[in-house]
Amino acid sequence: MRRAIALALLLLLVAGWATTDWWLPPERIAAPSARVIDGDSMRLSGAGDVRIHGIDAPEYRQSCMTAEGNAWPCGRAARAQLEALVLAGGIDCIVEARDGFGRAIARCSAAGTEDVGAAMVEAGLALSPAERGTAPYAAQEESARAARRGIWQGEFQTPTEWRTAHPRGN
């Protein structure tokens with residue numbers, strides 16, 4: 001009988017540990033303002049660095065091509081778009097994970113913008129890479145591509161390809 005009770009308690013403990021995410025509230029970060037670092041990351045006042053979940057924006061020094069073949073600073077445009085989205089202040093983020101640098105990977109909203117990541121992809125200034133088989137903002141990316149907004153107006157390297165070709169410190 002004691003073994004059965006001990007086993008039942010152990011199973012309950014394991015089940016409770018496995019479902020902790022279901023009954024603990026997600027980590028939430030809110031700040032009155034943010035300093036935008038690039039098209040997919042920002043520093044929230046008093047709350048640290050946040051990378052926007054589900055998107056990959058061109059790097060700040062990255063250029064893309066227009067339909068006519070002219071270079072344009074798509075990385076700077078991505079940063080400017082994110083600045084415009086968070087300019088009014090009142091950033092609220094729900095943390096999905098933390099990266100190797102300790103930054104929060106989060107879904108964020110700002111005054112007037114329910115989902116900053118979706119807005120960046122819809123503007124054509126960020127990609128929505130597949131995570132666990134699905135791209136979080138696939139519909140927004142397809143809309144931007146069809147309308148030839150932002151990076152979709154011409155040719156570009158994905159931010160991942162650009163980072164590989166331009167490692168930091170070089």
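Okay, let's start with the second largest pocket: the residues lining it split into 3 nonpolar, 2 polar and 4 charged. Before I go on, keep in mind that this is a predicted model.

So who is in that lining? For the second largest pocket we have H53, then E96 and A97, then I105 and R107, and finally E131, R132, T134 and P136. Two elements give two or more residues each to this lining, namely β7 (91-98) and β8 (104-109). The volume of this second largest pocket comes out at about 190 Å³.

Now the largest pocket. Its volume is about 500 Å³, and 16 residues line it. Which of them lie nearest the centre? Those are D38, E59, R103, R163 and R168. Taking the lining of the largest pocket as a whole, you get 9 charged residues, 5 nonpolar and 2 polar. As for where the lining comes from, at least two residues each are supplied by β2 (34-38), β4 (48-52) and α6 (159-165).

On to the cysteines. How many disulfides does the count give? It comes to 2, and if you number the bonded cysteines along the chain, the pattern is 1-2, 3-4.

Take C64 and C74. Their disulfide has an S to S distance of 2.1 Å, and with 65° about the S-S bond the link is right-handed. C64 sits in strand β5 (residues 64-65) and C74 in helix α3 (residues 74-86), so this pair ties together parts 10 residues apart in sequence. Are these cysteines buried or exposed? Both C64 and C74 are buried.

The other disulfide is formed by C93 and C108, with their sulfur atoms 2.1 Å apart. This link is right-handed too, with 110° about the S-S bond. And here are our two strands again: C93 is in β7 and C108 in β8, so to speak distant parts of the chain, 15 residues apart. Why do we call these two buried? The cut-off is under 20% relative accessible area. C93 has a relative accessible area of 0%, so C93 is buried. C108 is at 3% relative accessibility, and therefore C108 counts as buried as well.

Terms used:
Residues are numbered from 1 along each chain as its sequence is written. This is a predicted model: local features need pLDDT of at least 70, side-chain atom pairs count only at pLDDT 80 or more; totals for chains, interfaces and linings use all residues. Side-chain values use heavy atoms; hydrogens and water are left out. On a 1 Å grid over the protein atoms alone, a cavity is a set of points where a 1.4 Å probe fits but cannot get out, and a pocket is an open set with protein on both sides within 12 Å along at least five of seven lines; lining residues have an atom within 4 Å of a point. Grid points are joined across faces, edges and corners, and a volume is the space filled by probe spheres set on the points. Helices (H or I, at least four residues) and strands (E, at least two) are DSSP runs, numbered from the N terminus. Ala, Val, Leu, Ile, Met, Phe, Trp, Tyr, Cys and Pro count as nonpolar, Asp, Glu, Lys and Arg as charged, and the others, Gly among them, as polar. A disulfide is a pair of cysteine sulfur atoms within 2.5 Å. Buried means under 20% relative accessible area, exposed over 50%, partly exposed in between (1.4 Å probe, protein chains only).
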